[in-house]
Amino acid sequence: MTRDELNAHRLIKEAHEANARLHSRRHFLKESAMGLGALAMGSLLGSCGNLFSSPQTKIAYDPAHPLLPKSPPIVGKARSVIYLHMAGAPSQLELFDFKPELMKMDGQDCPPSLLAGKKFAFITGVPKMLRPQANFARYGQSGALVSDNLPHFSTMVDEVSFLKAVKTDQFNHAPAQLLVHTGSPRLGRPSMGSWVTYGLGSENQNLPGYVVLTSGGSFPDAGKSVWGSGFLPSVYQGVQCRSEGDPVLFIKDPDGMSRDLRKASIEAINKANEQQYQEYNDPEILSRIAQYEMAYRMQISAPEVMNINDEPAYIHEMYGTQPGKACFANNVLLARKLVEKGVRYVQLFDWGWDAHGDNPNNSLNIGLKNKCRTIDRPITALLLDLKQRGLLEETLVVWGGEFGRTPMMENRNGIQNPFKGRDHHTEAFTIWMAGGGVKKGFTHGETDEIGYSAVSGKVDAFDIQATILNQLGFDHEQFTYPFQGRPFRLTDVAGKVISEIVA
Amino acid sequence: MLEFFGRFHPVFVHLPIGILLLGCICILLSFTAKFINLKPAIPIMLLLGALSAVVSCITGYLLANGGDYDGKLVSNHQWMGISVAVLSFILWIIYQKVKTNAILGTIAAVLIVLISITGHLGGSLTHGSDYLTAPLKSGSTKGGSAIPPIPNVQEAFVYQNAIQPLFQNRCYSCHSSEKQKGKLRLDQEAYILKGGEDGHTIVKGKADDSELMKRILLPLNDEDHMAPKEKPQLTNNEIALLKWWIDNGADFKKKFKDLPQPENIKTILASLQKGESGAEQIKASDIPTEEVTAVDNKVLKKFTDAGITVFPVAQNTNYLSANFINAQSMGKDVLDLIKSIEKQLLWLKLESNKVNDQTLTAIKDCKNLTRLNLNNTQITDAGLVSLKDLDQLQSLSLVGTKITAKGINHLKKLKNLKFLYVYQTGITKADLAGIKKLLPKVSLDTGNYKVPMIAQDTTVVKAP
């Protein structure tokens, strides 16, 4: 044997020995003593957990029936939520927050006090102030201010609670949208709809409990994470449905596949999954079985519920739908149908509200006006239609964007934009809620005389989330989910129920 | 000035605790061969520990003189603390001379015990004597209600059964025999009426002028807010009860039934009877005050198997909500099932085209039903007769049915009915006046709302 061969032989032998050591019982005990000790310690501490933790809302999570309805800790006023999100952030100054003082200041340089130490998404240098690009009047018994951009909605103000001093700390669309819907500007947290379906399940086992509908030609900037389930079981993520063609892709059986054959194949797959579950006891397998069964039931019920064509003509006219097209009005009508059928949380996103003024479609006096025309009729019809069916009392409708718009005209890179537009604004914007046990014809919060910042009744995304959970019967501080060794909440460490608007 | 130094006591005490414990542990360890090298360090540890113990004793004395503390607890703590200081000096002095391990070890062990007791007594003074053990007691008062359930609330004494337990759980830790922050004691009638430094703690009949209420109602972040921010707070119900008691003369003898009871107090008293925490009660007023027995899980399972979802309206009640939207059939077996939960049913959605007059006979004894939805069912006027005795009904929805004004006559005894939805029924505009007369308190919604067509609905603003 040459020296090299000898060395190689030795090396191989040593490798074998090292390998054997890694698999010996002695090695396991030696190396894992610390870990086992910690495990034992953990379970010991766990058993006295109530010494350290406050009472938490108990959610009976059954992986085999994840969407069965569950009771909230206290009786909720609302049973369902329809959240209408205007992605891109509509201008509060052209819709609800009337500031006559801005008329006087129109065209003047922005006072330096409003710019010092502030950062804007696009504004640089000294922008000019911009007067409201709409006419306002007071409506209803509550005398709420609404602009002529929303003539139909102005007849509904006595059903609505306005929050006029909402604040955020994110001035870019995606993080701001995530903050509104997941309680964090970063990716990875479960969305509000996921929390709600996790906590309450759904009253209709043949439909998803949390449905997402989009319009406006684009997804919200934050993408699908904004209806993701984060660390909650994946069955609670929002199910995005299409408002034209098949509501859910591939929901129809292919040609030649009969219903019986489909049933037989699902039963066979579930049987295999059950065997797998017997072996591994992983609850996600039960969840998978439940999903297959629901998908099978959905094949029958979803096309029926999702089809707005069987609604009578006068309902279509009321909502101003455009059958066969993907549009906001169709989605709103669908939202009412879904809530009527027991779906817990319907999330709508309508894209295209970002009125910077860099092109006509992005301007306050052209693009924004046209966007308003696409929502004015449907949202009015939604409130009226829910009302006449006795559903408004138990359905919370929320309308809003992810932030507001500046009282200044946007001057991108120091150059004034060619059309009338406003930049992203975090200090104050308007959101409204209706139904679901909130006050009717009420306004909470006020901004200063130019609508730059909140003067009273300041609320933020967490407060709105806390209020929505409150209306559904949850204490947002006790509604938690254990993840990475600590309980997580939708509202993180913040949030206060806006009791002023709770009826 | 002296009291200012006294306030450093809670900071200084941690020095002797830490240093002396370490010293004693080192003494015990140094008996073994492995740790013999620790010996030279021990005298300096003992000296530093003893000196800091003396400083602690002095600051502690100043703090106790400051006045907020009294009673046996302080004196016990004081003498234990002094013994720790003395014993630690003795140990330091004899350590170099005595070489017998047994003697040194015994003294060190005694010192450890003394430090532990002194520390515990000090902790009890700061946090209240039941602070340590409170989490172990069942029904810990921390998050829940401070007032235990009262079986027969009207016959109970206001002070003895409600106000005193409230003070005990929320105030005694700083305002009773062991400690009198602001010179205030709340554990006996005489002390309560005497009040604290500022006086006027309770002004009989005038809650708004009483310092006690003022402090409780200050914003949480106010320095003078009571209970202190970090302590459990009074619930809205507890505050309302306290205010009610003071407004009615802060009497220490009277029973609940002796005092006038406005509506809000009645709900609170009802919750005391059941022992619910205040936060829940306010929002849960939709549930009847009388609780019902729980429905057997086997029955619930039968509903689930029939495609019907039935579940309690909230976790703190046995009243049920049922939704028949996916009911596979409405046969006799299902009707019998409904009858088996007729007492518990609170909300019912029978929205299904399989529902008819026959179905309604099954709910005629659902006496607690408050919300009923019969939208898009096959029911007729004759069927509504089954609802005539459901006098808890608050909301009734008959949208999309064949009901006419004739059927509404059956509802005339429903004195709690508030909302009636009759969109898309046989009820015409001509019937409205008659129904309004029959059911004057009901808000009647005939729907059929229209959104008028205006130019803006169809036109688009174009760029110039």
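Let me begin in chain A, where strand β1 (residues 80-87) runs parallel to β7(A) and is joined to it by seven bridges; strands here, like helices, are DSSP runs numbered from the N terminus, with at least two residues in state E for a strand and at least four in H or I for a helix. This is a predicted model, in which local features need pLDDT of at least 70 and side-chain atom pairs count only at pLDDT 80 or more, while totals for chains, interfaces and linings use all residues. Residues are numbered from 1 along each chain as its sequence is written, and chains are lettered from A and ligands numbered from 1 in the order in which they are written.

How many residues of β7(A) are buried? For β7 (residues 345-351) of chain A it is seven of seven, where buried means that 20 or more other C-beta atoms, placed from the backbone, lie within 10 Å of the residue's own. In a regular strand the side chains alternate between the two faces of the sheet. In β7(A), Y345(A), Q347(A), F349(A) and W351(A) point one way, V346(A), L348(A) and D350(A) point the other way, and all are buried.

Helix α9 (residues 328-340) and helix α10 (residues 367-388) of chain A cross at roughly 15°, with axes that come within 9 Å; the axes are lines fitted to C-alpha atoms over the stretch in contact, and angles run from 0 to 180 degrees between N-to-C directions. That angle makes α9(A) roughly parallel to α10(A), a term used for angles under 35 degrees, as roughly antiparallel is for those over 145. The crossing is right-handed, that is, the near helix is turned clockwise from the far one by less than a right angle, anticlockwise being left-handed. Contributors from α9(A) include F328(A), V332(A) and R336(A), and those from α10(A) include I375(A), P378(A) and D385(A), a contact being two C-beta atoms, placed from the backbone, within 7 Å. The residues of this contact divide into nine nonpolar, one polar and three charged, with Ala, Val, Leu, Ile, Met, Phe, Trp, Tyr, Cys and Pro counted as nonpolar, Asp, Glu, Lys and Arg as charged, and the others, Gly among them, as polar.

In chain B, helix α3 (residues 14-30) and helix α6 (residues 101-127) pack at about 155°, their axes 9 Å apart, which makes α3(B) roughly antiparallel to α6(B). This crossing is left-handed, and its contact has 11 nonpolar residues, two polar and no charged.

Chain B also has an open sheet of seven strands, ordered β1-β2-β3-β4-β5-β6-β7, with mixed pairing, where a pair needs at least two DSSP bridges. Its edge strands, β1 (309-312) and β7 (443-445) of chain B, each pair on one side only. β1(B) pairs antiparallel with β2 (residues 320-323) of chain B over four bridges, and P312(B) has L320(B) as its bridge partner.

Finally, the contact between the chains takes 37 residues from chain B and 34 from chain A.

Methods:
A residue is buried if 20 or more other C-beta atoms lie within 10 Å of its own, exposed if 12 or fewer, and partly exposed in between; C-beta atoms are placed from the backbone. Angles under 35 degrees count as roughly parallel, over 145 as roughly antiparallel, 65 to 115 as roughly perpendicular and the rest as oblique.
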